[in-house]
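Trainee: Please take a close look at the aromatic rings in this model. I would like to know how they are arranged and what lies around them.

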Amino acid sequence: MLADSQTRLPPIVVHRSTMRVIDGMHRIRAATIRGEQEIAAEFFEGTEEEAFLISIKLNVMHGLPLSLADRKAAAARILRSYPRWSNRGIAATCGLSHKTVGVIRDRLTGEITQPDSRIGRDGHARPTDVGERRRRAAELISRNPSASLRDVAKVAGISPETVRDVRARMAKDSGPLLSTQPCSGGAIGLTAGVNPARPTESRMTWRPTAQRPVTMDSLRVDPALRFSESGRSLLRLLAVLTLSSDEWDSLIDSVPAHCKATVLEAANECARAWQRFSDRLR
């Protein structure tokens, strides 16, 4: 199909130090069938392990999809090399669900270290035992009620926003833990522990359906979209569907106060543009 297409093939990616093809073996074969002597290439500078990460991510994004076994094997290799990476970050790289990565991580217990914090897709480190750290923050606040959010956050190993939530819950006499959070720590529930500085609906109404990742996976592997510039642009725009509630909240938290009105206007215009797109497509 690639050889018969009339479109110019995207550049392949080559690891400069080893001259191995990271991404584009099928494009090389297609160019050979066409009788071409040269092909456009981009060089990647980095270690062989970093080249492996890039190859997995690129092969998940386009080309013939990797098998489930290949993606699971890639996740296990990444966990061995980068145990502090979050399950969601590894899942995004390998084209798996974060729950599947969690199962693989549990299976590797004893083979890899289990760090007390993990680095998310945004580059920030977050503690794995959030419950214990929230209790630590509550103790610090009880001892010194006038302590700043940042000071408590630094000692407890959590974010200032989490300290703010702990303080607000203590003021309501509801305890430092979220209602859906087990006492032994673990994931924070999405239906409680709302940031008092933000209206509750901003944290509670977004509920991505289980069908959305499946829909996006089927679109990503469709050649009619993958092998056209406009199709790839559409896939990049639709990728917003895969954002989790935490990722939406992180985006909201990152908007500076002086930009909120402008961002709000732009977001509303985006919504109107998508509505027009939907109407015309229908």
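Mentor: The model is predicted, and two aromatic pairs are counted in it. One of them joins Tyr-82 and Trp-85, with ring centres 4.8 Å apart and 25° between the planes, which makes the pair stacked. Tyr-82 is partly exposed, at 23% relative accessibility, and Trp-85 is partly exposed too, with a relative accessible area of 26%. Trp-274 and Phe-277 form an edge-to-face pair, because their planes stand at 85° with the centres 5.3 Å apart. These two residues are three apart in helix α14 (residues 260-281), so about one helical turn separates them. Trp-274 has a relative accessibility of 33% and counts as partly exposed; Phe-277, at 38%, is also partly exposed.

Arg-16 lies over the face of Phe-43, 4.2 Å from the ring centre. The charged end of Arg-77 is placed over the ring of Phe-52, at 3.7 Å from its centre.

Then there is the nonpolar core. The largest one has 16 residues, and Leu-79, Ile-90, Cys-94 and Ile-104 are those with the most contacts inside it. Helices α2 (48-61), α3 (68-81), α4 (87-94) and α5 (98-107) each supply at least two of its residues, and α3 gives the largest share, five residues. Beyond its neighbours within four places in sequence, Ile-104 touches Lys-72, Ala-75, Ala-76, Leu-79 and Leu-96. Another core, of twelve residues, lies apart from this one and includes Ala-137, Leu-140, Ala-153 and Ala-156.

Definitions and conventions: Residues numbered from 1 in each chain as written. Predicted model: local features only at pLDDT ≥ 70, side-chain atom pairs only at ≥ 80, totals over all residues. Heavy atoms only, no water. Core = buried A, V, L, I, M, F, W, Y, C linked by side-chain atoms within 4.5 Å. Buried < 20%, exposed > 50% of the residue type's maximum accessible area, 1.4 Å probe, protein only. Helix = DSSP H or I, 4+ residues; strand = E, 2+ residues; numbered from the N terminus. Contact = heavy atoms within 4.5 Å. Phe/Tyr/Trp six-rings, centres within 6.5 Å; stacked < 30°, edge-to-face > 60°. Lys NZ or Arg CZ within 6 Å of the ring centre and 35° of its normal.
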